[in-house]
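Today I went through the side-chain contacts of one model. My notes follow.

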Amino acid sequence: MFITIIERFTFYIGLFGYVVIYWGILKSLYQFFQAELYKKQDVHNKSLDQIRLMLGKYLSFGLEIFIGKDIVTTILSPTWQEIERLGAIVAIRIVLTFFLNRDIKLLTSKEQ
């Protein structure tokens with residue numbers, strides 16, 4: 001009973017992670033097409049940097065949610081194979097998050 005509740009909970013955590021990432025992509029696409037309609041070069045380049053910054057934040061947040069989901073899933077079935085899988089997934093997502101956050105900081109400092 002308790003494990004079933006936790007499994008459902010992890011499903012919804014993962015679903016929320018997908019929603020965050022898809023929402024960020026949709027929002028970025030919308031802003032990108034708006035920026036393309038008004039093609040003044042200086043405004044256009046600044047807009048693209050702002051869009052990249054926003055998308056990076058959504059992707060980073062979504063990846064963090066997935067890491068939490070994977071940790072909870074592994075707690076439910078802690079076999080060595082699951083632990084190794086979790087380690088690989090977490091390592092890849094941490095590297096992705098690191099580079100996303102680095103780009104976010106670069107774009108943030110570039111704006112100021």
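I call a residue buried under 20% relative accessible area, exposed over 50%, and partly exposed in between. The model is a predicted one.

Entry on salt bridges. I looked up Glu-82 and found 22% relative accessible area, so Glu-82 is partly exposed. Glu-82 pairs with Arg-85 in a salt bridge, with 3.5 Å between the closest N and O atoms. Both residues sit in helix α3, three residues apart, about one turn of the helix. Arg-85 is also partly exposed, at 44%.

I counted three salt bridges. Where do the others lead? I found Lys-69, Asp-70 and Arg-93 linked in a network of salt bridges. From Asp-70 to Lys-69 the closest N and O atoms are 3.8 Å apart; from Arg-93 to Asp-70 I noted 2.5 Å, N to O. Arg-93 belongs to helix α3 (residues 80-111) and Asp-70 to helix α2 (residues 41-76), so this pair ties together parts 23 residues apart in sequence. I noted Asp-70 as buried, at 8%, and Lys-69 as partly exposed, at 24%.

Entry on aromatic rings. I counted six aromatic pairs. In one, Tyr-18 and Tyr-22, the ring centres are 6.3 Å apart and the planes stand at 20°, so I logged the pair as stacked. The two are four residues apart in helix α1 (residues 2-37), about one helical turn. Tyr-18 is partly exposed at 46%, and Tyr-22 is exposed at 52%. With Phe-66 they form one aromatic cluster.

Entry on the surface. Tyr-18 and Tyr-22 also belong to a nonpolar surface patch of about 850 Å², with Leu-26 among its other members. I placed Leu-26 in helix α1 and noted it as exposed, at 54%.

Technical notes. Residues numbered from 1 in each chain as written. Predicted model: local features only at pLDDT ≥ 70, side-chain atom pairs only at ≥ 80, totals over all residues. Heavy atoms only, no water. Phe/Tyr/Trp six-rings, centres within 6.5 Å; stacked < 30°, edge-to-face > 60°. Buried < 20%, exposed > 50% of the residue type's maximum accessible area, 1.4 Å probe, protein only. Patch = residues over 30% accessible without salt bridge, like charges linked within 9 Å, V, L, I, M, F, W, Y side chains within 5 Å. Areas by Shrake-Rupley, 256 points an atom, 1.4 Å probe, with all protein chains shown as cover. Salt bridge = Lys/Arg side-chain N within 4 Å of Asp/Glu carboxyl O.
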